[in-house]
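Let's walk through this one together, with the model open beside the text.

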Amino acid sequence: MTELSRIGVTGLAVMGANLARNIARHGVPVAVHNRTAARTKEFMEAYADEGTFTASESVEDFVASLERPRRIIVMVKAGAPVDGVIEELAPLLDEGDIIIDAGNSHFPDTNRRTKDLAARGLRFMGVGVSGGEEGALNGPSIMPGGDPAAYAEVEEILTSIAAVVDGTPCCVHVGPDGAGHYVKMVHNGIEYADIQLIAEAYDLLTHVASLDAPAIGKIFEEWNTGDLESFLIEITGIVLGKTDERTGRPLVDVIVDQAEQKGTGRWTAIDALDLGVPLTGITEAVFARTLSALRDERKAASTTLAGPNPSNEANRPDLVDDIRQALYASKVVAYAQGFAQMRAASEANGWNLDLGAMATIWRGGCIIRAQFLNRITEAYAEHGNIENLLMVPYFTEAVANAQDAWRRVVVTATEQGVAIPAFASSLSYYDAYRRERGPANLIQGLRDFFGAHTYRRIDAEGAFHTRWSQDGTEVRTDG
Ligand code: 6PG
């Protein structure tokens with residue numbers, strides 16, 4: 001009889017296939033399965049010699065090929081397909097077996113599945129995996145959520161296949177239930193903000209600094225040697241430097257300017273609204289993609305709506321470096337907001353998230369991996385439970401140093417008619433956050449006028465209402 005496999009992977013599209021290969025390359029026997037058997041066959045033809053694989057055509061054989069407790073990674077499209085696979089697997093499993101959903105599932109689904117499967121004696125883990133195809137194969141960042149005892153059964157395998165930075169694997173148990181998928185969701189939200197900020201910088205460098213794509217690519221290459229050093233800045237340099245084989249033009253110039261999205265950024269924004277956390281950077285990034293999708297409307301508006309056309313007249317010698325600083329400061333804001341959101345979610349759900357550890361496991365393997373995350377890890381190590389990363393001296397100073405350039409960039413872009421939703425909203429957030437007294441007093445006055453919603457006073461306890469339309473007197477409404 002063939003040796004039982006220590007873990008199984010079902011769903012052999014490229015992410016699942018690469019995870020299975022990564023695990024097998026670390027000496028762990030892996031059972032593989034796919035809904036359509038042809039793909040399993042292709043997998044075996046291509047990769048059988050990379051490790052010990054047991055391939056099964058049926059789910060029954062797949063389950064039978066696993067040692068107990070069975071550990072099964074499900075790598076299928078988020079949503080109904082995950083439930084479909086679970087329903088096929090669950091009746092074949094025994095108490096204590098572990099189903100691991102390693103896709104980009106929405107965390108409320110993970111909470112639901114954890115509960116449902118627990119009632120059936122099965123353990124369910126929602127595990128965030130970041131790093132795309134390459135990461136899945138060579139070392140992703142892994143954000144496992146679920147029962148700690150279940151995690152203990154897979155910890156060795158997961159930490160062995162994760163990316164490693166300074167000797168530390170980019171994999172740590174995040175928390176119970178949907179906590180792993182939650183953290184992955186926020187990771188993706190931050191990914192959206194990072195990408196949007198890069199796109200805004202590219203827009204300004206193109207239309208105000210009048211640089212072509214390869215020249216901008218070189219600038220990103222240079223930026224990647226400083227504070228901005230990160231995977232996304234690095235690949236921006238590569239993408240901008242690529243020549244289209246068909247036309248000889250920069251490839252980026254022939255790509256349609258409509259961004260797509262699979263939903264994780266939108267979920268992050270919706271969750272921030274639910275939690276009441278100001279998450280302007282990520283949310284603007286989601287809206288910017290949505291607006292980019294209105295291509296026909298934009299085409300019509302481009303010849304109808306008045307406004308300046310960006311021109312090189314606003315170019316100046318320090319513009320490129322100003323943009324770099326605006327990018328950095330806005331990025332700090334996006335991360336500060338994302339971490340504030342995770343803090344709020346942790347409290348709301350009783351997850352006890354170790355936010356410093358989240359920054360640590362994002363240092364390698366994942367899409368937002370960056371030098372900068374070391375600073376966040378250090379900030380949590382030094383200051384503990386931080387309300388807002390902007391208040392940590394390192395980031396306070398970094399933004400203070402960048403703010404003049406940041407303001408100049410927002411002014412230039414606005415004057416030139418270049419849309420910079422993420423740069424501008426991050427700056428507005430910064431300015432609003434550092435104001436002891438904002439204008440919400442007037443909002444309260446208005447709410448009280450039209451709806452008797454009451455207000456509080458700066459000089460007295462209690463809730464008050466003014467009889468605006470009657471005798472104009474103020475009454476206390478809370479006793
Ligand atoms: C990752 C990525 C990955 C995927 C995004 C893309 O961490 O490896 O975030 O999960 O590339 O889901 O998201 P959009 O299609 O929504 O841009």
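**A walk through the model**

Start with E50, which pairs with R25 in a salt bridge whose closest N and O atoms are 3.2 Å apart; the term stands for a side-chain nitrogen of Lys or Arg within 4 Å of a carboxyl oxygen of Asp or Glu. This pair ties together distant parts of the chain, 25 residues apart: R25 belongs to helix α1 (residues 14-25), and E50 to the loop between α2 (37-47) and β3 (53-56). Helices (H or I, at least four residues) and strands (E, at least two) are DSSP runs, numbered from the N terminus. Side chains of opposite charge can pair when their charged atoms come close. By the 4 Å rule, the count comes to 29 salt bridges.

A word on what you're looking at: this is a predicted model, where local features need pLDDT of at least 70 and side-chain atom pairs count only at pLDDT 80 or more, while totals for chains, interfaces and linings use all residues. Residues are numbered from 1 along each chain as its sequence is written, and side-chain values use heavy atoms, with hydrogens and water left out.

Now zoom out to the domains. The assignment, automatic or from a database, gives domain 1 (7-177), domain 2 (184-433) and domain 3 (440-476). For domains 1 and 2, the C-alpha centres lie 32 Å apart. Their contact (heavy atoms within 4.5 Å) takes 26 residues from domain 1 and 19 residues from domain 2. About 1700 Å² is buried between domain 1 and domain 2, and carbon and sulfur atoms give 67% of that; buried area here is the accessible area (1.4 Å probe) that two parts lose on being put together, summed over both.

What holds charged partners across this boundary? The count between domain 1 and domain 2 is one salt bridge. R363 and D166 form a salt bridge too, with their closest N and O atoms 3.4 Å apart. On the side of domain 1 that touches domain 2, the elements giving two or more residues are β6 (123-130), β7 (141-144) and β9 (168-169).

Next, the ligand. A polar side-chain atom of S130 sits 2.4 Å from a ligand oxygen. For N104, a side-chain N or O atom is 2.8 Å from an oxygen atom of the ligand. G132 uses its backbone instead, with an N or O atom 3.1 Å from a ligand oxygen.

R68 and P69 are joined by a cis peptide bond, with omega about -5°, and P69 lies in the loop between α3 (59-64) and β4 (71-74). S210 is not a glycine, yet has a positive phi of about 55°; look for S210 in the loop between α8 (179-207) and α9 (213-223).

Note on methods. A polar contact is a pair of N or O atoms within 3.5 Å; within protein, one must be able to donate a hydrogen and the other to accept it, and residues adjacent in sequence count only if both atoms are side-chain atoms.
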